[in-house]
Amino acid sequence: MKLGALVKSKTVVVCCGAGGVGKTTTSAALALAAAKEGRRALVLTIDPARRLAQALGIPPTGKEPVHIDAGLLAKAGIELPPGGELHAWMLDPKVVLEGVVDRFAPTAEDAAKIRGTRLYQALCEVVTGLQEYTAAEALFEFKERGQYDLIILDTPPSRNALDFLDAPRRLARFLDERTLAVFAPDPDKKPNPVVRAAAKVVQTALTRTFGEGFAEELSTFLGSFGKLFNKMRIHASGVRKLLLSDQAAFVVIASPEEAALTEAVFFKGRIKDLGLVAEGFVLNRSYAGRQDLEPPHDARERLAAGGETDAHLLDALEKLAPLANGEAVRIESDRKLLDELEREGLRDGGHGAMALPFLDEVVDDLPALNVLSEAILTVK
Amino acid sequence: MATGEHIWNRELVLVTGKGGVGKTTIAAALARAAQAEGKRVLLAEVTSEVANTSPLLGFFGQPRPHGEAPIRLDDNVDGVRITPSAGHRLFLSAALHSGMLANAAMRSAALNRFLLAAPAFPEIGTLYMLVTLLRERWDHVVVDLPATGHALGLVSLPRTVLRILPSSGLIGGAIQEGLDALTHPARTGAVVVTLPEALPVQEGLELEEGLKKLNVPVRAMVLNRMPKHAFSETERAALDAHMRGRATEPLLGTREFRRLERALDARARFRAGVPAGVNRVEIPLCDTTTDSQEIMEHVGLALRQVHLGDPSPVEVMP
Ligand SMILES: Nc1ncnc2c1ncn2[C@@H]1O[C@H](COP(=O)(O)OP(=O)(O)OP(=O)(O)O)[C@@H](O)[C@H]1O
Ligand SMILES: Nc1ncnc2c1ncn2[C@@H]1O[C@H](COP(=O)(O)OP(=O)(O)OP(=O)(O)O)[C@@H](O)[C@H]1O
Ligand SMILES: [Mg+2]
Ligand SMILES: [Mg+2]
């Protein structure tokens with residue numbers, strides 16, 4: 001797979017994978033790579049490490065993406081060609097939700113009314129589950145604006161990423177007329193008897209389960225939200241269409257520490273289940289690349305023969321043997337893994353796999369991201 | 001805190017931490033260790049209906065989903081998968097006084113969509129199921145929670161929910177019961193797992209703070225997969241200087257050495273950062289095998305030797 005080609009040609013790239021494999025890091029590196037190719041790139045990050053966010057200058061609850069300053073990039077030795085821009089945003093479900101209410105509520109009064117309901121306030125606090133909805137919504141919103149040539153979407157950790165992939169569809173189903181009709185009957189419309197009967201069953205179940213009064217409150221809330229839902233539903237299907245088009249690419253990130261192959265294949269399968277195509281795999285933190293390393297034993301002999309007298313160094317080189325063995329084993333197993341990912345990645349219309357090197361430092365600043373972006377652009 | 005106690009010595013043991021740190025391994029190992037001490041344990045895997053494997057129960061020979069009720073895994077060890085829809089079914093059958101009606105209600109497409117798609121409702125199902133399990137009689141319920149954000153979401157949920165749901169309702173009542181259990185220092189102990197790397201340690205410490213803010217008693221922080229080594233300080237410094245100054249090709253083992261140095265830094269930060277009152281446990285990296293079952297058994301043996309309040313962290317590994 002050529003990530004370099006992807007960032008040059010696509011308009012949306014989604015990075016998914018198991019928790020901690022490097023989705024956020026890879027997303028940022030991809031955006032930087034695209035900017036270096038002269039594109040206006042936006043990375044939508046989810047929970048970036050604080051230091052990475054600081055390095056990029058993204059505030060935690062910013063309402064708008066940050067345009068990363070040329071001076072900041074220059075300090076890291078990065079110069080963008082004409083037209084190249086790097087923008088970054090930290091996805092904050094609360095901010096997205098507020099934006100939805102502001103934009104879609106028919107009047108400012110309606111917006112205020114919605115914000116005033118207890119359910120809306122509770123919704124804002126329950127971050128759980130919201131990330132997925134709002135990621136899809138944010139993607140749509142920023143795509144619509146047309147200010148970016150490429151949007152890179154990071155996804156939440158672990159299997160929740162799958163919820164994100166499914167979110168547009170679930171939202172569409174949830175916001176289905178029939179579902180809403182049951183929970184929030186439109187007073188202007190006469191419901192058909194089936195819907196009325198269903199509404200009654202649901203009301204009974206909800207009242208008995210959640211206590212007196214809750215069902216009414218829910219209906220009121222959904223009623224006032226109803227007009228918004230319609231627009232959100234259109235967005236949800238818009239996101240789905242976008243993700244299904246050949247403008248979008250899904251890459252599955254894997255890392256050798258996890259049960260990489262099974263996890264990666266699982267993610268690919270889930271993407272396929274949703275009717276989408278996984279472009280390929282990225283083996284992040286790979287040891288597969290470097291060659292011609294001198295074993296510590298050889299180094300010790302060479303140094304000793306050359307008159308090295310530092311006994312501490314000679315001892316340390318001896319003690320390095322188990323680490324060197326471990327590294328050799330990992331180089332070998334990463335190469336095998338990469339081959340397997342390449343094979344798996346070619347199935348079902350995908351384009352194989354590529355590796356991103358393990359860096360010696362924590363990747364939390366622009367210079368480190370730049371090294372990864374170089375790796376992305378230079379792979380043959 | 002009483003010294004000499006085992007780490008799992010609470011009715012509800014919540015194992016949490018960021019993705020991939022070893023939560024599942026440690027949850028299974030805690031069950032193994034408690035079992036070896038003659039305790040009856042329920043291993044609970046908080047998961048979703050779409051997951052088609054059960055890594056936690058897989059350690060006890062149940063790698064696939066197996067229905068909604070707890071099943072016997074081994075002598076004194078039962079296992080269960082906690083899923084939102086299993087929880088929904090439970091509360092609906094309690095509310096409608098009938099499993100049949102509940103099943104019928106769950107088949108109502110509208111209700112089902114609502115329960116699984118509306119934010120927070122999946123978690124309400126999860127929490128409800130946990131509460132019903134706690135009413136039964138095991139010595140210890142060991143819960144393998146999903147990665148960080150969602151664990152915090154799950155335990156912060158009760159307060160939010162109670163603000164909108166009357167506690168007179170079935171759910172409100174159960175959520176209150178759940179909140180009481182989750183915040184009861186004598187009944188509950190969270191175990192926050194982290195890794196010897198800069199970011200995971202920082203995130204682990206933040207998670208500990210977050211849980212404490214929600215009044216969830218954190219019993220221990222576990223630094224899992226700490227690598228062993230035989231270098232003295234001077235030797236490390238000499239090697240570091242040599243690696244930096246090399247004119248020829250790089251030395252094999254450099255990356256692993258850098259990793260070790262970072263792990264040592266992270267451990268120092270862990271030792272300094274874990275607040276008083278929270279126990280520190282260090283579990284060595286098991287590098288003699290890659291078999292996850294064997295690793296779990298090793299970790300179980302190590303955990304059996306942990307007595308909280310010991311002045312020195314354990315560094316045992318067979
Ligand atoms: N190629 C690399 N070399 C060295 N370290 C890396 C590399 N890629 C990522 N890391 C480090 O690994 C850690 C996890 O990376 P990151 O936050 O990108 O993962 P994630 O998949 O987004 O995690 P989460 O699932 O928690 O969102 C970070 O500390 C990051 O600096
Ligand atoms: N002490 C240890 N030594 C060596 N390997 C370990 C140790 N603890 C866990 N592992 C390995 O680390 C990997 C991740 O462990 P595990 O699946 O338990 O993590 P997790 O936190 O449950 O992950 P997830 O967030 O994906 O559920 C597994 O391959 C496991 O065998
Ligand atoms: Mg991330
Ligand atoms: Mg797990």
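**A walk from the sheet to its helices**

In this predicted model, strand 3 of chain A is joined to strand 4 (residues 85-90) of chain A by 2 bridges, and the two strands run antiparallel. If you look along this pair, you will find A:His67 standing opposite A:His87 in strand 4 of chain A. As a reminder, strands of a sheet pair through backbone hydrogen bonds, either parallel or antiparallel.

Now let's step back to the sheet itself. It is an open sheet of 8 strands in chain A, with mixed pairing, and the strands follow the order 3-4-2-5-1-6-7-8. Which strands stand at the edges? They are strand 3 (66-67) and strand 8 (353-357) of chain A; each has a single partner strand, so one side of each is left without a neighbour in the sheet.

Next, follow the sheet to a helix. Helix 16 of chain A lies across strand 6 (248-254), strand 7 (278-286) and strand 8 of chain A. Relative to strand 7 of chain A, helix 16 of chain A runs at about 175°.

Helix 16 (residues 321-346) of chain A also meets another helix: its axis and that of helix 13 (residues 260-273) of chain A come within 11 Å and cross at roughly 15°. Helix 13 and helix 16 of chain A are therefore roughly parallel to each other, and helix 13 of chain A passes helix 16 of chain A in a right-handed crossing.

Which residues meet here? From helix 13 of chain A come A:Ala260, A:Leu261, A:Ala264, A:Val265 and A:Lys268, while helix 16 of chain A brings A:Leu337, A:Glu340, A:Leu341, A:Glu344, A:Gly345 and A:Leu346. Sorted by class, this contact between helix 13 and helix 16 of chain A has 7 nonpolar, 1 polar and 3 charged residues.

Conventions. Residues are numbered from 1 along each chain as its sequence is written. Chains are lettered from A and ligands numbered from 1 in the order in which they are written. This is a predicted model: local features need pLDDT of at least 70, side-chain atom pairs count only at pLDDT 80 or more; totals for chains, interfaces and linings use all residues. Side-chain values use heavy atoms; hydrogens and water are left out. Axes are lines fitted to C-alpha atoms, for helices over the stretch in contact, and angles run from 0 to 180 degrees between N-to-C directions. Helices (H or I, at least four residues) and strands (E, at least two) are DSSP runs, numbered from the N terminus. Angles under 35 degrees count as roughly parallel, over 145 as roughly antiparallel, 65 to 115 as roughly perpendicular and the rest as oblique. A crossing is left-handed if the near helix is turned anticlockwise from the far one by less than a right angle, and right-handed if clockwise. Contact means heavy atoms within 4.5 Å. Ala, Val, Leu, Ile, Met, Phe, Trp, Tyr, Cys and Pro count as nonpolar, Asp, Glu, Lys and Arg as charged, and the others, Gly among them, as polar. Two strands pair if DSSP finds at least two bridges between them.
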